Amino acid sequence: MTINTLAKGGCHREQMACFRKMEKVIVAMQDPDMGMKMRNQRLLITVIPHAMTGHDIITWLTHKYRISEEEALHLGNMLVKYGYIYPLKEPRCLVLRPDESPYRFQTPYFWTSTRWPASELDYGKKKLKIYMYSLLHKRINHTWDFVVMQAREQLRSSKQRRKADRIVLECQEQAYWLINRPPVRSITLYCIQLYCVVHIEACRKALGRNRVKSSICLEGFLKYSEQYLNHDPIMQGCLPSNPWISDDTAHWTMNAEIVPVPTRLRVERWSFSFTELLNDAMGRKEFMTYLEKEFSAENLYFWQACEDIRHGENSKIVEKVEDVYKNFLAPGAARWVNIDSKTMDKTLEGIKRPHRFVMDDAQMHIYFLMKKDSYPRYLKSDLYKNMLAKAIVPQETKKSVFPFMRRQRHSSPSPAQTATQAAEEEGLAKGAGTRSLYSVV
Amino acid sequence: MCDQTFMAATFGPCDSCSKPSPLMNIYIKNEATNYCSLCVEMMACQGLQKGETLESLKRESETLKKKLEEERNKLNDVELHQVAEKVEVLSALSIKTRRVLKGHGNKVLCMDWCKDKRRMVSSSQDGKVIVWDAFTLNKEHGVPLPCTWVLACAYAPLRSLCLIMNGYLGLDNKCSVIPLSLDKNENLAAKKKSVAMHTNYVSGCSFTNSDMQLLTSSGDGTCALWDVESGQLLQSFHGHTADVLSLDLAPSETGNTFVSGGCDMKANVWDMRSGQNIQSFESHESDINCVKYYPSGDAFASASDDATCRFYDLRADREVAVYQKDSIIFGASTCDFSLSGRLLFAGYNDYTINVWDVLKGTRATILFGHENRVSRVRVSPDGTALGSASWDSTLRVSWSFSTGSNYIFRFIKLLFWVNSRLVLEFTVAF
């Protein structure tokens, strides 16, 4: 829902759909065959017919919707809160109690979706309009009498139930505002036409799309979830222990950005996809070491430089593009990258008018080159296999004998601090004379 | 699409009449053009004169829509729950809330996790933004702000914080970025820098892969990409016909797309570079409150006021699952995936959080505890915990207790062992 309705203090638009659904539940509850069993409830000296206990309500909800008791209690509470069922014993307290406290259905007159103009809201007089009930008459025939009786009772005990009525009447007022609020936007004829034209274009484009068969796509989801199952702490837990449960931050220290020895799960994750390897700082470092052995490290340096251009500051784009050209693309450059001639020509053209995405084609080319060639070889290499063998599998910490003993939780350094340190180090390196991170000879 | 929908992003000479005026950026036959409002109306008028009545256009629009549905269904050879039959049923999940963060004075409207997996930022209707260390329950920073509607907040990858503020009467439709620093006494509110400006309230924000660019979605029906340093508008995205309520960036290799969902019941996928609407999904029956990508980037989920969450496949270009139950009556306001994508956590307006099994389409469990509607749920970056913010002015952190090394189970195992030993002793004796 938008906040525009919130600001006006009116009833939220989406709540009308909720009210209809709640009314469906209420009508089902009053069904003569499958609905709730009503009985006479004793309230002080009066006997009130067609009432039910809180316990009955919960049992019925549990059976009908096949939910737990806790959820049935919650749903019942909502019905009471919005005025569809009201308590007889403590009318000011709109809570469903799962015991023998008596409750009754609110008259449809006061249902929130009933739309009455504000002028007809007369607190003192309870007018029952018959034509409204004729629709519901068949289904809630047996409650007709109690509806009439209720009106009489309301006149008698109006003081007692004032709060409940007030709340329901408030809802009615909100409903009134819902109907009478000013239209959202005034759309001119031309706008509708323009919208149609654009919509038609969009549909035509969508028709020409390439789609993949459902079976293939859905298998993809299954495979992904299975692959990552062991890495999902909510599903499988984590080693040595979930820091939130055991108050022990070992899991976080072991999986920090840079550690001397990474965990086995982390190293395994590098083999899932090329993106996983590059997104992990340690993985990227290892891959760089491997590429340097293969004398193709310039590819990764180039990719990193292009990422920097894409995501960096707008003001530095021209300067960075020039740097990249000098170091990677110019003939005879120190780290010349091997791009096909078509992409090279297009990029060189684009460099004349540099913008954020000028390196995209070249970057894609190099990315897929690394992904198809260097990455699979890295996974088969000794470097990776040694890393996997060295990787630690943390021991699962045994739960303490006294589960109530709590460890002290220590705070960690603020990320702002680590970022400042990193920035300082970068600044120093830059100041020391090297022009950029990539131009080491 | 009237004047209100388009943001007058630029001021300059109109492409058709060359008069300097506020320009609307519209796409006609895939070409981006900048027309002044007069020329837009004239062009629309001309279309009418060429014999295309509004009725015929509407009819064509409807037939094309039907054709598109048919095309999509052609490749629909199997349903998700059928494919998921061979997957193991989830073992009973035991997710409990164990941390409650109290400190806000009014509804908490938004929260986000920091990359260090334990800190989070939350914003509230009382005008305060608080940075918490959720692990120790310490409040690290508190930023008081002048206006009361701080609709959203997001952590940047490095160290800044983004806040969306909307003045009480909707006058202040700004998005600001605050660089976080260590000094707790520093007046952070003074350092804030206004980045984005829309013609209506800003509903959602997200940093792209760095601290330098910001994506925003707005009640004026558009999304926009901003450069944080200069505050310049880099790209705007038009196509929604009503308020855009939420957006999410794709975790894909190329990192160029994002999805947005709005009050027009549509979820659109956009290309950040060109500003084009790549794909559109229209199957919800009410406002879409939240959209979130599946971790692999091939699909996304949406939570809506019609009390359902839906799962859309981008490659098959259709909706593949609907997560709903008869007993769930109130709308869903937020959703997020667990790390493996197997679970979908959705927060509802009836104060609960339902946890859905994404593949099988069934509900795994339900979390109670909040005393007012849940405005935001987010799984922590390493997937260890779930944070939720609510209108009851608290934030809660919940996690799963795996049944493996449960104390009680060990005790039972011990009992059996003792029992078996006793039996052994007896048989030996006799």
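Tutor: Over residues 281-322 of chain B the chain is 0% helix and 55% strand, and the end C-alpha atoms are 13 Å apart; helices (H or I, at least four residues) and strands (E, at least two) are DSSP runs, numbered from the N terminus. This is a predicted model, in which local features need pLDDT of at least 70 and side-chain atom pairs count only at pLDDT 80 or more, while totals for chains, interfaces and linings use all residues. Residues are numbered from 1 along each chain as its sequence is written, chains are lettered from A and ligands numbered from 1 in the order in which they are written, and side-chain values use heavy atoms, with hydrogens and water left out.

The part to look at closely is an open sheet of chain B, in which 4 strands follow the order β13-β14-β15-β16 with antiparallel pairing; two strands count as paired if DSSP finds at least two bridges between them. Because β13 (202-207) and β16 (233-238) of chain B each have a single partner strand, they stand at the edges, and one side of each is left without a neighbour in the sheet. On average, neighbouring strands of this sheet are turned by 20° against each other, direction ignored, where the axes are lines fitted to C-alpha atoms, for helices over the stretch in contact, and angles run from 0 to 180 degrees between N-to-C directions. Within the sheet, β14 (residues 213-218) and β15 (residues 222-227) of chain B run antiparallel and are joined by 5 bridges, and B:Gln213 has B:Asp227 in β15(B) as its bridge partner.

As for the chain around this sheet, chain B comes to 4 helices and 31 strands. Of its 430 residues, 59% count as buried, meaning under 20% relative accessible area (1.4 Å probe, protein chains only). Among contacts in chain B with a separation of 6 or more, 43% are between residues 24 or more positions apart, a contact being heavy atoms within 4.5 Å.

Terms used
Buried means under 20% relative accessible area, exposed over 50%, partly exposed in between (1.4 Å probe, protein chains only).
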